[in-house]
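Here is a short tour of one protein model. Keep the sequence and the 3D view open as you read.

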Amino acid sequence: MRLYFLLLGRMQPGNIPVGGYLIQTDDGVNVLVDTGWPCSYVENPKHPPGLTLDISREDTIIARLGSIGLTPSDIDFLVCSHFDDDHAGNHDLFSSAQLVVQRKHYELAKGGHPRFAASREAWDRPDLNYRLIEGDMELVPDVELLETSGHVPGHQSVLVRLPHTGPVLLAIDAVMDQSMSDADDRMMWVTDWAETSEDEAQIRASTRKVADIGAREKAALIVYGHDVKQWGELRCAPDFYD
């Protein structure tokens, strides 16, 4: 089994990475996690308030998959961590895959919540094959999906057990930076779904869940979704972890 880290651009200021992940099983199954910003943002970026998108042609999901010899049609499963536009901007390219998303999140977005409108043209298409799940589940052997609501309702993280590296836990946006990994004192980031005290409690619960699973699994890596320092040290595609 191999795990590739796909750098799909950065946000400025701060050089903040936007990432995706590709898991290849020994029997040839390709599992993609997230698709980054829409490829159209290379020519026509839509900058969030206070940030500038830094994305080149080589940062697109098509180019990153191409660097390891794959095309969108080679993907068997697309794991949708959530529908923010830096994670779900190219789901429309994967009509031959099964898209796996937490039911709670899909129904929230499908119901028209404005947070997920920017990428709706990509993720809300009749030709996409969605599989709606509830809670934690094993997707394929040694790949587990973990419900980690908090950053948004129905967010999911991914645990990958690699034969040589050992377990790798992809926290994605449940814990965006290592500085936020302590559930008791983590800050609430501007993009965290912290509208009420109950929301904040859910964010802390998911942060704790990531830490507890990492400890239980004796994870070789817990990968934080937008950690500048950590992503600067990871081996990114076409290199891989196995």
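## Leu 6 and the cores

Set aside neighbours within four places in sequence. Leu 6 is then in contact with Val 18, Gly 19, Gly 20, Tyr 21, Leu 22, Leu 32, Ile 61, Arg 64, Leu 65, Trp 231 and Ala 237. Contact means heavy atoms within 4.5 Å. A second, separate core of 28 residues includes Val 100, Ile 133, Val 143 and Val 160.

The largest nonpolar core has 34 residues. Leu 6, Leu 22, Leu 32, Leu 65, Phe 83, Phe 94 and Tyr 130 touch the most other members. Strand E1 (2-12), strand E2 (16-24), helix H1 (61-66), strand E6 (98-102) and helix H2 (103-110) each supply at least two residues of this core. The largest share, 4 residues, comes from E1. A nonpolar core is a set of buried Ala, Val, Leu, Ile, Met, Phe, Trp, Tyr and Cys residues joined through side-chain atoms within 4.5 Å. Buried means under 20% relative accessible area, exposed over 50%, and partly exposed in between (1.4 Å probe, protein chains only). Helices (H or I, at least four residues) and strands (E, at least two) are DSSP runs, numbered from the N terminus. In soluble globular proteins, nonpolar side chains tend to be buried together.

## About the model

This is a predicted model: local features need pLDDT of at least 70, side-chain atom pairs count only at pLDDT 80 or more, and totals for chains, interfaces and linings use all residues. Residues are numbered from 1 along each chain as its sequence is written, and side-chain values use heavy atoms, without hydrogens or water.

The largest pocket has a volume of about 720 Å³. It is lined by 26 residues, and Met 11, Leu 51, Trp 189, Val 190 and Thr 191 lie nearest its centre. The lining has 14 nonpolar, 5 polar and 7 charged residues. Ala, Val, Leu, Ile, Met, Phe, Trp, Tyr, Cys and Pro count as nonpolar, Asp, Glu, Lys and Arg as charged, and the others, Gly among them, as polar.

The second largest pocket holds about 250 Å³. Of its 15 lining residues, Pro 38, Ser 40, Gly 89, Glu 121 and Ala 122 lie nearest the centre. On a 1 Å grid over the protein atoms alone, a pocket is an open set of points where a 1.4 Å probe fits, with protein on both sides within 12 Å along at least five of seven lines; lining residues have an atom within 4 Å of a point. A volume is the space filled by probe spheres set on the points, which are joined across faces, edges and corners.

## Asp 59

Is Asp 59 buried or exposed? Asp 59 is buried, because its relative accessible area is 10%. It lies in the loop between strand E4 (52-54) and H1. A polar contact of 2.7 Å joins the side chains of Asp 59 and Arg 64. Such a contact is a pair of N or O atoms within 3.5 Å; within protein, one must be able to donate a hydrogen and the other to accept it, and residues adjacent in sequence count only if both atoms are side-chain atoms.

## Backbone exceptions

Most residues other than glycine have a negative phi, and most peptide bonds are trans. Asp 34 has a positive phi near 75°. A cis peptide bond joins Gln 12 and Pro 13, with omega about 0°. Pro 13 is in the loop between E1 and E2.
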